[in-house]
Amino acid sequence: MIPLHDYLAFLSIVTLIVVSPGANLFLLLQATPVQGRVTGVLMTLGFCAAIISHATLALIGVGALVAASVTLFTIIKFVGAAYLIWLGVNPAYS
């Protein structure tokens, strides 16, 4: 059983982490006034989709699978690097 004071300390720290602004909020605050409300709503939906997919993958244990398989980790690492390179050289994203 977790003591109440430890649980309350954990809950307060998690709450601060969740409500603190991050890069997504700053991107949203920068883009919405310039590009309009529809862009803001679509960005918010994209952020939500990313959070849900990350939480779902964590829930089903993809992290444990990747940690157990060096080959899978290497494949994911190279695919991610290739995607970042593609974003860097693609004129539409520059």
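**A buried glycine and its surroundings**

Analyst: Gly40 has a relative accessible area of 7%, so this glycine counts as buried, the cut-off being under 20%. Keep in mind that we're looking at a predicted model. Gly40 sits in helix H3, and Met43 and Phe47 are buried in H3 as well.

What do those buried residues of H3 pack against? Their partner is helix H2, residues 23-35. Gly40 itself shows what that looks like at the residue level: setting aside neighbours within four places in sequence, Gly40 is in contact with Leu28 and Thr32. Leu27 is another residue to check against Gly40: the two are 13 residues apart in sequence, and their C-alpha atoms are 9.4 Å apart.

Now for the helices themselves. H3 covers residues 37-60, and its 24 residues should span 34 Å at 1.5 Å a residue; the end C-alpha atoms are 35 Å apart, so the span agrees with that expectation. H2 passes the same kind of check: its 13 residues should span 18 Å, and its end C-alpha atoms are 18 Å apart, which agrees.

After H2 comes Gly36, with phi near 105 degrees. Just after H3 comes Gly61, where phi is about 90 degrees.

Helix H1 takes in residues 4-19, with Leu4 among them. From first C-alpha to last, the 16 residues of H1 reach 22 Å, close to the 22 Å expected at 1.5 Å a residue. How many of the 16 residues of H1 are buried? The count is 0, and H1 is hardly covered. Leu4 has a relative accessible area of 60%, so this leucine is exposed, given that exposed means over 50%. Leu4 also belongs to a nonpolar surface patch of about 520 Å², made together with Ile2, Tyr7, Leu8 and Leu11.

The structure holds 1 aromatic pair. Tyr83 and Trp86 form it: their ring centres are 6.2 Å apart and their planes lie at 25 degrees, so the pair is stacked, since planes under 30 degrees apart count that way.

Ile76 and Val89 are 13 residues apart in sequence, with 20 Å between their C-alpha atoms.

To come back to where we started: Gly40 is buried at 7%, and the buried residues of H3 pack against H2.

Note on methods: Residues numbered from 1 in each chain as written. Predicted model: local features only at pLDDT ≥ 70, side-chain atom pairs only at ≥ 80, totals over all residues. Heavy atoms only, no water. Phe/Tyr/Trp six-rings, centres within 6.5 Å; stacked < 30°, edge-to-face > 60°. Patch = residues over 30% accessible without salt bridge, like charges linked within 9 Å, V, L, I, M, F, W, Y side chains within 5 Å. Areas by Shrake-Rupley, 256 points an atom, 1.4 Å probe, with all protein chains shown as cover. Salt bridge = Lys/Arg side-chain N within 4 Å of Asp/Glu carboxyl O. Helix = DSSP H or I, 4+ residues; strand = E, 2+ residues; numbered from the N terminus. Buried < 20%, exposed > 50% of the residue type's maximum accessible area, 1.4 Å probe, protein only. Expected span 1.5 Å × (residues − 1). Contact = heavy atoms within 4.5 Å.
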